[in-house]
Amino acid sequence: MALSFSDRSDISTASEAGWGVRKLARHLGSCAWVIFREIHRNTTKTRGCQAVTADVAAQRRRSRFRARKVAADPVLQARVEADLAVVDPERDRGPLASGSRRPDR
């Protein structure tokens, strides 16, 4: 879930007020790790957590071009294309699709 500017503003205000990560996560309806990473990534010793700076940095991270790993390596791309060319539909359905049951443990 991407955080909005209002979420970042709430995080900034509440962290300055001394709220903990879990309390903030419950308040925003988000995962505590998302809040923790947001605070850790965007907090400085002198200025604390600034919502505007955090939002601008998040927009830059989202818009940055990232090359696909397969497209960046021609050898890997050829291997993947060769593997995809010989796909057997019966094999890819898996054992449970053919009606067999999972063995009891």
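In this predicted model, the axes of α2 and helix α3, the latter covering residues 32-42, approach to within 8 Å and cross at roughly 115 degrees. That crossing of α2 past α3 is right-handed, and the residues that make the contact are Val21, Arg22, Leu24, Ala25 and Leu28 on the α2 side, with Ala32, Ile35, Phe36 and Ile39 on the α3 side. Sorted by class, the contact of α2 with α3 comprises eight nonpolar residues, no polar residues and one charged residue.

**Overall make-up of the chain**

- The protein chain contains seven helices and two strands, and, read from the N terminus, its elements follow the order α-α-α-β-β-α-α-α-α.
- The protein chain has 105 residues, of which 18% count as buried.

**Packing of α1 with α2**

- Two packed helices are described by the angle between their axes together with the distance between those axes.
- For helix α1 (residues 5-16) and helix α2 (residues 21-28), the axes come within 11 Å and the crossing angle is roughly 145 degrees, while the handedness of the crossing in which α1 passes α2 is right-handed.
- On the α1 side the contact involves Asp7, Asp10, Ile11, Ala14 and Ser15, and these meet Leu24, His27 and Leu28 of α2.
- The residues of this contact between α1 and α2 divide into four nonpolar, two polar and two charged.
- Leu24 and Leu28 of α2 take part in the contact with α1, and both residues are also listed in the contact of α2 with α3.

**Helix α4: length and faces**

- The buried residues in α4 include Ala51, Ala54, Asp55 and Ala58.
- Viewed down the axis of α4, the buried residues fall within an arc of 95 degrees, and therefore they line one face of the helix.
- On the face of α4 that is turned away from its buried side, the exposed residues are Val52, Arg60 and Ser63.
- The elements that cover the buried residues of α4 include α1, α3 and the strand β2 (48-49).

Key: Residues numbered from 1 in each chain as written. Predicted model: local features only at pLDDT ≥ 70, side-chain atom pairs only at ≥ 80, totals over all residues. Heavy atoms only, no water. Axes fitted to C-alpha atoms, helices over the stretch in contact; angles between N-to-C directions. Helix = DSSP H or I, 4+ residues; strand = E, 2+ residues; numbered from the N terminus. Left-handed = near helix turned anticlockwise from the far one by under 90°. Contact = heavy atoms within 4.5 Å. Nonpolar A, V, L, I, M, F, W, Y, C, P; charged D, E, K, R; others polar. Buried < 20%, exposed > 50% of the residue type's maximum accessible area, 1.4 Å probe, protein only. Arc of directions from axis to C-beta.
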